[in-house]
Amino acid sequence: GGGDWAKDRIVPDCVRSLMAGRDIPVRRPRSVRPWQFVLEPLSGYLMLAAAQRREPAKFAGAWNFGPQENRTLSVAELVDRVVSRWGSGRWTNAEDPAAPHEAGLLKLDSSKARDLLGWRPVYGVEQAVDETVAWYREPIKALERSQAQIAAYEAKARERG
């Protein structure tokens with residue numbers, strides 16, 4: 001989701017480059033990460049908090065709230081989608097063989113959340129990217145955009161049960 005401006009994070013780096021009219025440097029284009037919209041894990045945490053209030057012992061422990069395992073994108077595919085949704089821009093391969101090692105594949109196992117809470121992601125990775133780019137396209141309207149995104153997410157979650 002929007003609002004993340006941290007350095008060395010792919011989406012904020014994309015947005016900064018696109019806003020400045022510069023090419024996006026991509027360090028690990030073939031890496032795969034568990035991309036998701038910010039409201040996905042937040043909805044899971046809210047469900048978990050409600051469940052913990054009812055049955056603290058049953059719902060204690062570590063939890064993951066991640067995207068569907070079969071819906072992944074490489075960093076290059078993610079950046080291509082960001083550029084496409086932005087409407088302009090391009091990226092360049094900035095791989096550095098001397099850079100510190102980074103895992104090529106990161107995944108989250110959300111089966112516990114699915115099985116015990118009934119939690120499932122609402123958005124696929126494509127919609128997650130689209131909603132994130134929409135937020136960054138108009139940062140001056142961040143509050144209104146965030147409220148609209150929360151309402152749309154809630155509606156889609158209700159629709160999916």
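Q149 is buried in this predicted model, because its relative accessible area is 5%, under the 20% cut-off. You will find Q149 in helix α6, which spans residues 142-160. Leaving aside residues up to four places away in sequence, Q149 touches F37, L39, Y123, E131, A134 and W135.

Another glutamine, Q36, sits in the loop between β2 (32-33) and α2 (39-54). With a relative accessible area of 24%, Q36 is partly exposed. Its contacts, again not counting residues up to four places away, include F65, G66 and P67. Look closely at F65: the side chain of Q36 reaches the backbone oxygen of F65 at 3.1 Å.

Now let's turn to charged residues. Side chains of opposite charge can pair when their charged atoms come close. Across the whole structure, a search finds eleven salt bridges. One of them joins R16 and D13, whose closest N and O atoms are 2.6 Å apart. Both residues lie in helix α1 (residues 10-20), three residues apart, about one turn of the helix. R16 is partly exposed at 27% relative accessibility, while D13 is buried at 15%.

Other pairs reach across the sequence. D23 and R90 meet in a salt bridge at 3.0 Å, N to O. D23 lies in the loop between α1 and β1 and R90 in the loop between α3 and β4, so this pair ties together parts that are 67 residues apart in sequence. R30 forms a salt bridge with E95, with the closest N and O atoms 2.9 Å apart. Here the loop between β1 and β2 is tied to the loop between β4 and α4, because R30 lies in the former and E95 in the latter. Finally, K7, D8 and R27 are linked in a network of salt bridges.

Technical notes
Residues are numbered from 1 along each chain as its sequence is written. This is a predicted model: local features need pLDDT of at least 70, side-chain atom pairs count only at pLDDT 80 or more; totals for chains, interfaces and linings use all residues. Side-chain values use heavy atoms; hydrogens and water are left out. Helices (H or I, at least four residues) and strands (E, at least two) are DSSP runs, numbered from the N terminus. Buried means under 20% relative accessible area, exposed over 50%, partly exposed in between (1.4 Å probe, protein chains only). Contact means heavy atoms within 4.5 Å. A polar contact is a pair of N or O atoms within 3.5 Å; within protein, one must be able to donate a hydrogen and the other to accept it, and residues adjacent in sequence count only if both atoms are side-chain atoms. A salt bridge is a side-chain nitrogen of Lys or Arg within 4 Å of a carboxyl oxygen of Asp or Glu.
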